[in-house]
Amino acid sequence: MKSVAPLPEPLPLTGDTLHLFAWRVPDLVTYHHRRDEVWVAPLDDHLPIIRLNQTGIAMLSAMNGHTTVGALLEQYGTKVCGPDGQLGRWHLERWATPNYSLCFYGSAPPGGHRHSARWDLLLQRVRDRWSGQHEFEGEDHLDHFHRYELGDPHEDDRHFDLIETTVSHLFREPSEVLGGLTYGRLLMRQLRRLGWFSPKPSMILEIGGGLGYVAQGLGQELLPFEKRSVRYISLDLTRAFLHLQISRAAEGGWIAVGTRADAEALPFTDQSIDLVIDNENMADMTPVLLSREELASGKGNTPQHQEALDWIRRARIPLGSDLPDPVIFNLGPIRFVAELWRVLKPGGRAFLSEFGIDRGWPHPVRLPGHTEYEVQYTHLRQVIRWLGFQEQYLSLPQFLAIKPDTKVLCTGAVYTIRRFCEMLNKPFTVKAYTEPELRQALGDMLPKLQGCHYHAVADPAWFNLFDFKVLLLEKPGGLSKPRFTDAKGYRWYSHQ
Ligand SMILES: C[S@@+](CC[C@H](N)C(=O)[O-])C[C@H]1O[C@@H](n2cnc3c(N)ncnc32)[C@H](O)[C@@H]1O
């Protein structure tokens, strides 16, 4: 993993900085290792855990929004704050930098009330520094990232644990939230309920399968005869992920092959695929930055811009009256659905899921080392309907029928506990934890942790789960089949 931000110089504790107030990050998770030793974890994974003694803990506790940096420096600056020997000054110079992100210095809290400094706003400040570019990282950036920057995942989950955690990754193990199923299994259960496996598809294409857990779960949910003679193709732009995708698909019982290709230009003949699965991948596809002038004139400054403008005109994508200048437009996802239209057989179907918005224009979402872009679903759906698909659109929790008030451990706490466990050589998986699941995973360690907090799974503060949408697409033209329901020994037929 890349460092989340370039290592900054320690903050000079002089001048105006001394008059700023200090807020420790709310909900900070700490680990009581020994009698006089407590651990806290800097945000940047490359930095060592910070070990504090009573003095260090007292300094951390004093960062309550009422104490100035100057007062902290005076009281703790020359005192040893932990077994590693650093003085209070050393910590005060570093903790408010993005790589540490243990506290915030300001004249006002980073949002909201003085007593409720908000971690998400603090984190936003940190994220803004992950990327050198302020708003838009360029139209080729994501393609380059996936083709050249991602190395071998070495059979472990690190990339998705730390860089781009997906919903399916958080639920790759059986979870209480999903009624004891994995994400892949529950997805298959829902697709089966929709009738997408009767008759069974003969050619399934999964796009951007990451580490292959979805393929594995999808297969595990089916009985052997339901998978027999079905071909499962895993297509990904990142070469390094492909072998795990194929091996996990095989573990799920699929006859699997992999191909390295771009979802925006699928290497398949027309009408050759029955079912496409694309889970949390569209935000990685090509964005373009269009100026107001280009939108007004319909004339693009580059061939790629012209392609985007042609889609806007052709599909009559509504631009709205109050156009910002410039705007980000999801060209990649539009190319992708046009390719789906081409490669799907009549009656073929696609499941697409990704985070996104229904109004306004896509925003960049900063992740370590790369930036993704919200999918603008109103635009995308306009194209989908223009192509001729029948579509259904709903939120991911709705689709999965998740109970919205189930409580799960804050993901920030999960990352921190992972670091503590790493120090202790104790295995710990990054995933969604209910309280009993965490108790089972941590055993004796749990009482030594402070600050573990839980959110309702539907609470935006957890993972913004309701921002993840599902599109169910069907290309018309398949064989219509009689449907019936059994009731009290009678079959009630309806034709669709
Ligand atoms: C965020 S990950 C999602 C992984 C997995 N589906 C999951 O749910 O965890 C995006 C995946 O799409 C792949 N990818 C990104 N852009 C792509 C493109 N244009 N064509 C094909 N695959 C792409 C990445 O290599 C990665 O495997």
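Author: Strands here are DSSP runs of at least two residues and helices are runs of at least four, both numbered from the N terminus. Keep in mind, too, that this is a predicted model.

Reader: Where is Asp27 found?

Author: In the loop between strand S1 (21–24) and strand S2 (30–34). Asp27 counts as partly exposed because it has 14 C-beta neighbours inside 10 Å, while the buried label takes 20 or more.

Reader: Next, peptide bonds. Which residues does the cis bond with omega of about 0° join?

Author: The general idea: most peptide bonds are trans. The cis bond you're asking about joins Ser198 and Pro199. Pro199 lies in the loop between helix H8 (183–193) and strand S7 (203–207). There's also a cis bond between Asp325 and Pro326, with omega about -5°. Pro326 is in the loop that runs between helix H13 (303–314) and strand S12 (327–329).

Reader: On to a helix. How many residues does H17 have, and how far does it reach?

Author: An α-helix has 3.6 residues a turn, so residues three or four places apart point the same way. Helix H17 (residues 411–423) has 13 residues and reaches 19 Å from first C-alpha to last, close to the 18 Å expected at 1.5 Å a residue.

Reader: Which residues of H17 are buried?

Author: Gly412, Val414, Thr416, Ile417, Arg419 and Phe420. Their cover includes S2, strand S3 (37–40), strand S18 (407–409) and strand S19 (449–450). After H17 comes Asn425, with a positive phi near 55°.

Reader: Last one, the ligand. How many residues surround it, and which are the closest?

Author: The idea is to list the surrounding shell, then sort it by residue class. There are 23 residues around the ligand, the closest being Thr166, Gly208, Gly210, Thr238 and Ala263. By class, the shell holds seven nonpolar, 10 polar and six charged residues.

Key:
Residues numbered from 1 in each chain as written. Predicted model: local features only at pLDDT ≥ 70, side-chain atom pairs only at ≥ 80, totals over all residues. Near = placed C-beta within 6 Å. Nonpolar A, V, L, I, M, F, W, Y, C, P; charged D, E, K, R; others polar. Buried ≥ 20, exposed ≤ 12 C-beta atoms within 10 Å, placed from the backbone. Expected span 1.5 Å × (residues − 1). Contact = placed C-beta atoms within 7 Å.
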